[in-house]
Amino acid sequence: MHIPKVGFNHNKTQQAEFEIFGLESLYQRNFELATHHPEHPHRISFFNLIYIEEGSGTHMVDFKEYPLSPGSFIFIQREQVHAFDFVCKVKGKIILFTQSFLDQVHANMRLPNYTPTHLNSQHTPLIKLDKENNQRCQTLIN
């Protein structure tokens, strides 16, 4: 099986290496001439956070399906394979950023407090927020 690799589109973000947009806009794009369709497995060279505001469905990460519902967060690391569910069309936000963006953020962090969760065997890409943290997250993203 050929799995296409998708890079970060620096031109769209004017080199900011950070982008946020609604899932709804992803569903409306025309992928007929694209090299891949987001509904099919593809590997990314950047980080991807998907926040679910409404609806339910699934998201595939490394060939495992994760259930989505309001307040769900999916974390996709660089080089992971994932695929969107275009059947259920949940509503929410996609946050994309590069390693360079993280390096800039880390310049102002105390790194001993940083834990690389992707190295932990118990790491799961799915986090379900409680009501209070879900509201905080919506405020922060908006």
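Predicted model: local features only at pLDDT ≥ 70, side-chain atom pairs only at ≥ 80, totals over all residues.
User: Where in the chain do Phe8 and Phe46 sit?

Analyst: Phe8 is in the loop between strand S1 (5–6) and strand S2 (18–22). Phe46 is in the loop between strand S3 (42–44) and strand S4 (47–54). The two are 38 residues apart, and the pair links distant parts of the chain.

User: Buried or exposed, those two?

Analyst: Phe8 has 11% relative accessibility and Phe46 has 6%, and buried means under 20%, so both count as buried.

User: What about Phe18 and Phe101?

Analyst: Their ring centres are 5.1 Å apart with the planes at 35°, so that pair is tilted. Phe18 belongs to strand S2 and Phe101 to helix H2 (residues 99–106), 83 residues apart, which again links distant parts of the chain.

User: And how accessible are Phe18 and Phe101?

Analyst: Phe18, at 34% relative accessibility, counts as partly exposed. Phe101, at 22%, also counts as partly exposed.

User: Which residues form a cluster with them?

Analyst: Phe18, Phe47, Phe97 and Phe101 form one aromatic cluster.

User: Which charged end sits over a ring?

Analyst: The charged end of Arg29 sits over the ring of Phe21, 4.8 Å from the ring centre.

User: New topic. How much space is in the second largest pocket?

Analyst: About 350 Å³. It has 21 lining residues, and those closest to its centre are Val6, Arg29, His36, Phe46 and Leu96. So two names come back here: Arg29, whose charged end sits over Phe21, and Phe46, which counts as buried.

User: Which strands supply the lining, and what classes of residue does it have?

Analyst: S2, S3 and strand S9 (91–97) each supply at least two residues of that lining. By class, the lining has 12 nonpolar, 6 polar and 3 charged residues.

User: Now the sheet. What is the strand order?

Analyst: It is an open sheet of 5 strands in the order S1-S3-S8-S5-S6, with mixed pairing. S1 and strand S6 (64–68) are the edge strands, each pairing on one side only.

User: How do S5 and S8 run, parallel or antiparallel?

Analyst: Strand S5 (residues 57–61) and strand S8 (residues 81–83) run antiparallel, joined by 2 bridges.

User: Which residue stands opposite Val61?

Analyst: That is His82 in S8.

Notes:
Residues numbered from 1 in each chain as written. Heavy atoms only, no water. Helix = DSSP H or I, 4+ residues; strand = E, 2+ residues; numbered from the N terminus. Buried < 20%, exposed > 50% of the residue type's maximum accessible area, 1.4 Å probe, protein only. Phe/Tyr/Trp six-rings, centres within 6.5 Å; stacked < 30°, edge-to-face > 60°. Lys NZ or Arg CZ within 6 Å of the ring centre and 35° of its normal. 1 Å grid on protein atoms, 1.4 Å probe; cavity = no way out; pocket = protein on both sides within 12 Å on 5 of 7 lines; lining within 4 Å. Points joined across faces, edges and corners; volume = space filled by probe spheres on them. Nonpolar A, V, L, I, M, F, W, Y, C, P; charged D, E, K, R; others polar. Pairing = 2+ DSSP bridges.
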